[in-house]
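Here is a short briefing on one protein chain. Start with the view below, then read the points by topic.

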Amino acid sequence: LAGCMTGMLFAKRGFRVILTEKNEDWRQNEEEMKDDLHRSNIKRSINLALSHRGRSALKKIGLEAEVMKFAVPMRGRAIHTSKVSLEADAFQPYDENDPSNCIYSVSRERLNNLLLERLEAQANVTVLFNRSLTHIDRKGVAHFDTTGSGESVNTYNDYRKGAYQIQPRLIVGADGAYSVVRESLLRLNLTNFKRKYITHGYKELTIPPRDGKFALKNHNALHIWPRGSFMMIALPNPDKSFTATIFAPLHTEEGVPGLKDINSAEEIKNYMKTHFPDVLPVMPDYVNDFKQNPTSPLVTVEVSPWNYKDKIVLLGDSAHAMVPFYGQGMNAAFEDCLFLDEVLGSCGGNLEKAIPQFATERAPAGRGIAELSMGNYLEMRHHTGSTLFLLRKKLEGVLNYAFPTWWIPLYKMVTFTRIPYHLVIEKEKQQAAILDKTAKVMGILSAGACLFMARTLIRSSL
């Protein structure tokens with residue numbers, strides 16, 4: 001996704017672009033590739049949640065309106081704390097004051113194919129499949145394997161020459177959390193790198209349509225089943241199904257079976273009947289889904305710097321892979337691409353200036369969204385079912401209504417603005433301190449006095 005977005009933006013600036021993909025073209029010979037792992041990952045991976053940052057990038061390349069045609073709006077969270085009824089116990093709007101602010105569930109495969117088709121249509125773009133990058137040498141030559149073997153390394157510093165080689169002016173690494181471009185950058189530069197797996201993973205299931213309609217009543221919502229230390233979510237699809245995802249410990253913790261420890265049909269049934277019994281009537285094939293769909297890990301990546309001079313630069317997951325709990329993975333990656341394009345424009349197209357500037361200025365935002373995403377997991381799996389949490393959200397909505405330019409709730413800053421993620425964290429810390437001070441006197445002051453106090457504290461913090 002990020003590779004196609006970057007390619008489109010560079011192509012629009014007149015650069016010649018070569019996009020390489022290590023796999024076969026999954027759009028061809030669909031019947032033959034139905035069991036292909038790469039294709040199944042594209043089709044089954046966690047639904048994409050599209051919001052303002054991602055839409056801004058799509059708008060820049062002229063595809064926003066087309067993508068919105070197959071996007072399903074989600075205007076808030078539908079919370080399922082009861083294990084008895086399929087009906088949600090509460091609805092939490094994403095924006096208390098502006099119902100037009102919502103996120104959108106988008107098919108990864110349809111978006112991927114659309115971007116690729118439009119990129120291929122550009123006269124100054126070449127797309128090459130079956131090109132697996134093996135390494136980048138010190139001369140800036142990118143070496144590719146075309147046999148599918150992926151074998152390339154002799155020693156840490158010595159490599160076999162690739163069957164296909166190119167020496168571009170700039171190499172953009174948009175090749176994901178296990179980036180080969182990043183591995184080359186680590187060898188070419190004094191680069192700090194950290195990869196961390198969290199103890200939780202995910203498993204995807206399906207809630208199919210029911211009588212040609214959505215099986216869950218509120219289909220314009222992100223459904224959440226919070227269970228304290230783990231959760232299940234469900235996002236709507238255009239075909240009226242829901243993609244459900246369980247996020248839970250990979251291995252057994254505190255008496256709750258881990259996803260990797262649940263194998264037999266009986267174990268699957270016991271797990272689902274214990275924790276998600278309310279949803280089973282609309283999930284008829286959950287045992288087969290649980291068996292057939294992989295249990296996948298969740299990984300975070302941090303790297304510094306993101307660039308090697310003005311020759312190589314990383315963006316998206318290759319620079320800052322994050323857990324998916326803010327729905328910002330694609331949005332942050334697309335904003336990386338857009339920010340790079342904006343910096344390039346401000347530098348008059350000068351790559352020598354733009355690449356180091358982009359890497360330096362954007363990296364704090366990459367670290368920021370990784371931190372925010374991990375924090376939102378606790379909120380989704382635990383706090384969303386709390387009455388105090390709901391009251392706090394209501395109060396934040398009131399403050400945002402009263403002081404829209406001074407007080408912006410955290411979720412709104414992340415999802416519906418382009419405030420850099422690291423600055424979002426700073427602002428949220430200030431607002432949380434104000435809210436805590438205000439909350440201490442809510443029991444003895446009237447609502448009007450509390451509003452006045454909040455306003456005073458806000459102004460004093462500016």
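In strand E15, methionine 232 has isoleucine 246 as its bridge partner. That pair belongs to a predicted model.

**Strand E15 and its partners**
- Strand E14 (residues 231-236) pairs with E15 in the antiparallel sense, over 6 bridges.
- E14 and E15 form a hairpin, with 5 residues between them.
- Lysine 240 sits in the turn and has a positive phi of about 75°.
- Strand E12 (residues 192-207) also pairs with E15 in the antiparallel sense, here over 8 bridges.
- Leucine 205 has alanine 244 as its bridge partner in E15.
- Is E15 (residues 242-249) buried or exposed? Of its 8 residues, 8 are buried, so the strand is largely enclosed by the rest of the structure.

**An open sheet of 3 strands**
- The strand order is E11-E18-E17, and the pairing is mixed.
- E11 (171-173) and E17 (307-308) stand at the edges. Each has a single partner strand, so one side of each is left without a neighbour in the sheet.
- E11 pairs with E18 (residues 312-314) in the parallel sense, over 3 bridges.
- Isoleucine 171 stands opposite isoleucine 312 in E18.
- Helix H6 (residues 180-188) packs on this sheet and touches E11, E17 and E18. The direction of H6 makes about 125° with that of E18.

**Nonpolar cores**
- In soluble globular proteins, nonpolar side chains tend to be buried together.
- The largest nonpolar core here has 65 residues. Which of them touch the most other members? They are Met5, Leu58, Val106, Leu111 and Leu115.
- Helix H10 (residues 329-346) gives this core its largest share, 9 residues.
- Leaving aside neighbours within four places in sequence, valine 106 is in contact with Asn47, Leu48, Leu50, Val67, Phe70, Ala71 and Leu111.

**Chain totals**
- The chain has 15 helices and 18 strands.
- Buried residues make up 52% of its 462 residues.
- Take the contacts between residues at least 6 apart in sequence: 69% join residues at least 24 apart.
- The accessible surface comes to about 21600 Å², and 51% of that belongs to carbon and sulfur atoms.

Definitions and conventions
Residues numbered from 1 in each chain as written. Predicted model: local features only at pLDDT ≥ 70, side-chain atom pairs only at ≥ 80, totals over all residues. Heavy atoms only, no water. Pairing = 2+ DSSP bridges. Helix = DSSP H or I, 4+ residues; strand = E, 2+ residues; numbered from the N terminus. Contact = heavy atoms within 4.5 Å. Axes fitted to C-alpha atoms, helices over the stretch in contact; angles between N-to-C directions. Core = buried A, V, L, I, M, F, W, Y, C linked by side-chain atoms within 4.5 Å. Buried < 20%, exposed > 50% of the residue type's maximum accessible area, 1.4 Å probe, protein only. Areas by Shrake-Rupley, 256 points an atom, 1.4 Å probe, with all protein chains shown as cover.
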